[in-house]
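Take a look at the structure shown here. The short report below goes through it part by part.

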Amino acid sequence: MLYRKILLSILFISFSSYAFAQNSSISGFVKDSTATISGASVLLKNTKTGITTDSKGYFALAGLLKGTYTIQVTYLGYLTESRRITLKENEKLDIDFLLKRDHRLLNDVAIDGKTKAREAKESGFSVNAIETKKYANTTADLNQILNRSTGVRIREQGGLGSDFKFSINGLSGKQVKFFIDGIPMDVMGSAMSLNNIPVNLAERLEVYKGVVPVQLGADAMGGAVNVITNQRVSNYLDLSHSYGSFSTNRSALTGQYVHEKTGIIIKGSGFFNSSVNNYKMKDVDVVVGGVRDGNYISDVTDAEYVKADVRRFHDNYLSALGQVEVGVTKKTWADVLFIGAGYNEGHQDLQTGFDQNTVYGKVRRTNYAKSGTLRYKKDNLFTEGLSLSAFAARSRDSYKTTDTLFRNYNWDGTWYDKGYTEMGSGIKTIANIIRPRTYAMGNLSYVINSQHSLNLNYTLDRLKNENFNQLQVDRDSLPGLMNKQIVGFAYQQNLLENRLVNTLFGKYYHLGLERAKYINGAYALLDTAFGNFGYGIASRYKLTQGLGIKTSYEHTYRLQEAEEMFGDGLNLQGNPDLKPERSDNINFGAYYGFQINKSSFFIEASGFYRNAKDFIFPVPDVRSKLLKNENQSSVRITGFESEVRYNYAQLLSLTLNLTYQNAINTTKFGQTESYYVEGTYKNKIPNQPWLFGNADFTIGKDNLLGKDTRLQLNWFTQYVNWFYLTWESKGNPNGKSDIPTQFIHNASLSYSLQKGKYNISAECRNLTDHLAYDNFKLQKPGRSFSVKFRYFIQ
C-alpha cells in the first residue's frame, strides 16, 4: 500500500509540474500597414501547434512549454514573417506581427484569391465583395460596377446625373444605405452619390444583403453598400479624365502625401462630371401643325401628335466635389486621427417628370453642400484588445428648384401656354430646401480572446429641415426636425479552430420627429417619437477550407428619411403620416472556392426571404404628376441567386450570376377597416424587375506590347426579363404596359504602360443600340463611346 501511495504521489507531482510548465502563452495581432489581417496562419515551426487569426487579426497560443521557438506567420499575397523567441515558465508573451505585401506574388495570384473581398464573402453575413482593380481604367462609376453584382439592380431614370433607385434582393430606395469607409455617404452632401463617384476612388465594394453588421450603425432594412477607399500609409496620386458621347466629361483625383519626419498625412480627393445628355429619344410624341412663333404654338387647333425620334434638349448636368483631410497615424495616443473638410455642388436641367410623358423645358435644380469631419481610431486602448473608432461630422445641404413658366413642353422643344407651371403648380416657384445636419458615431470593440469578442456601436443623426418658396413674401416655411439614435451590440464567437463563426446582435432604434401637417386649413406642428428593438444572428460553418455554409437572420426597422417626410422639392411630395418600416430578413447560402495551379474557382448560391410591414412605396399621383410615398401594409419577397467566378492568374476572369426575386403585395384588407379583399392582393410589386443576370468577362496580358505594359479587354452583358409597369391585375392584359426584356452589351479596351503609371482606355456602351428602359419606362441612353486617360503613381 505504501508503495502505491508513493507511486501515486510521484505521478501527481510530475503531472502538476508538467501542467504548470505548460502554462506559458503567446498572443498578439497580425497587421499590414493599414489594418489587422484575419485568417493569417500563425505556426510554431517544427511543431503541430498553430492557429489562424480571428476577424480582429488576433491570435493566442496557450499551454506552451518553456523553450525557444520560431514563430512563422503567413498570409496569401504577403511576405512570410518569422521571429525567434525564448519563452520562460509561466510567461505570457505579447507580440505583434507586421506583414509586407509580396508584389511579385500578387502578379501571379487570381484577382479574387484570398483577398479582403474573399474574406468578406466567407463571413456569416450575406455579402457581395468586389475588388475594383480590374475596372480602374474604365469610365464606369460605382453604380455601373455594382449593377453587375448578384442580387443588385439599379434603375436609372436617364443619363449622367439622373435619379436612380438601388435595389438589393427586392428592397430598394431608402431601405438601402450607402457608406464610405463606414461613414454614411449622404453626410458628405447630395453630390456624393454612387452614380457620381468614379471607380478610381474605391479599392473595394461591399454589399450587405438584408442583414447589416452593427458597426455600420444603420437602420438599413434592405441592406447596405460600403465603399472602401485606399487606406495605405504611402504616397500616391491617381488622376484621370474621360470624354465621351453626349459631350460627357468625367475627371477624378485622389492622392496622399506622407511627411516621413513628422508623420503628418494629407489626403485629398475630388471629381468633376458634366454632360449635355442629348441622347436620342425613340418613338416619342412630337407636334405637327398649329400656328407657331418659333417653338411657341399659339394656336393648337390644327396641331396633332405623331411619333418620331428626337434628341433630349434640356438635360444638362454638372457636379463637382472636393475634400481634404489632414492627420497622423501610428501615434501612442492615436492610430488614426484626421480632420477634414469638403464641398460639393450640382446643377441639373430637368427633362422629365417621373415618366417621359411629362416633358420639362426650363425646370432647373441646383444643390450645394459643405461639411467638416473628425475621425479617430485607437487599438489596444487602456488594455490589450480594446479598440475605439469615432467619427463626427457637421454638414449643410441646400437645394433650389426653379419652376416659373406656365408652359407645356413637347419632345420636339415646342410649347404652348397653360394655366399652371411645368411641374403642375398654380404659382411660380423657386423652392428652397435647407438641411443642416449633425452626425456622430462611436464604435467600441473588445477582443476577449481568440474565441470571443464584443462590439458596441452608437449613432446619433440629427437633421433640421426648412422648405420655402423664395418668391413669396410670406414664405410659409414648413420646418421639421428628425433626431435618430441607433445603439447596436454584438457578440462574436470563433469556435472549432475558426471553422464556426457566430455573430449575435441586438439594435435599438429611436426616432424623434417634429413636422408640420395641414389640419383644418392651417399647419400644425406635431411632435412624435418612435422606439423599438431589433435583433439577429449571422453564422458561418466551414466544412472544408474552401467549402462553407452560412445563414443570417435579422428583425429590423427602417426609420423614415427627410425626403420621405418633407419631400424633395422636385418630383416627390412629402408625407408626414409615414410610419417606420419593419422586416424579418433571412438569408441562407453556401459557397465553395478552390484553386488548381493558377486557376481559381468560386461558386456561391443563396436563398432569401423578406417579410416587410408598413412597406414604404412611391405611388404616382396622376393629377399632380408627382410621386408620394405611402405605407403599403405588407410585402413579402422570396428568391434565390447564384454566382460562378473563374480566374486564371492575371490573364482572364469570368463571372456569371443570376437573380430571381418574387416581391408580392400581401396586404389583404388595406389601410382601412374593410371586408373586401384588395384587388392587388398577392400581385407582384410593379415597376420592379424579378429576373435578371450578368456576364462579365475580362482578359488581359502583361508585357504583350512591351516591357511593363498590359493590354486588357472587358466585355459585360446584362439581361433583364420583362416586367409589368403597373399592377398586373389592373387593366386589360392585352393593353397593359410593361418593360420589355433587355440584353445590353458593353465593351472596353485598355492599355497600360510603365507598370500602370500611364493608362488609356476606350469604351462602348450599349453596343447594339438596344432601346433601354429602367424606372417607370424612362428611356436611357443608346449606344455611346468614350475614351479615358489615367495617370497613377505610388
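This is a predicted model: local features need pLDDT of at least 70, side-chain atom pairs count only at pLDDT 80 or more; totals for chains, interfaces and linings use all residues.

## Around Leu146

The largest nonpolar core has 33 residues. Leu142, Leu146, Phe166, Ile197, Leu205 and Val227 touch the most other members. Several elements supply at least two residues each, among them helix H4 (142–146), strand E10 (152–156) and strand E27 (386–403). H4 gives the largest share, three residues.

A second core is separate and has 20 residues. Phe59, Leu61, Ile95 and Phe97 are included in it.

## Two domains

The chain is divided into domain 1 (19–101) and domain 2 (115–793). Their centres, taken over C-alpha atoms, are 41 Å apart.

Where the domains meet, 17 residues of domain 1 are in contact with 20 residues of domain 2. The area buried between them is about 1,500 Å². Carbon and sulfur atoms give 45% of that area. On the side of domain 1 that touches domain 2, strand E1 (24–31), strand E3 (50–52) and strand E4 (58–64) give two or more residues.

## A lysine in a loop

Is Lys780 buried or exposed? Lys780 counts as buried, because its relative accessibility is 16% and the cut-off for buried is under 20%. Lys780 is found in the loop between strand E46 (758–765) and strand E47 (784–793). Leaving aside neighbours within four places in sequence, Lys780 is in contact with Glu156, Gly158, Tyr279, Ala772, Tyr773 and Asp774.

Technical notes: Residues are numbered from 1 along each chain as its sequence is written. Side-chain values use heavy atoms; hydrogens and water are left out. A nonpolar core is a set of buried Ala, Val, Leu, Ile, Met, Phe, Trp, Tyr and Cys residues joined through side-chain atoms within 4.5 Å. Buried means under 20% relative accessible area, exposed over 50%, partly exposed in between (1.4 Å probe, protein chains only). Helices (H or I, at least four residues) and strands (E, at least two) are DSSP runs, numbered from the N terminus. Contact means heavy atoms within 4.5 Å. Domain bounds come from an automatic or database domain assignment. Buried area is the accessible area (1.4 Å probe) that two parts lose on being put together, summed over both.
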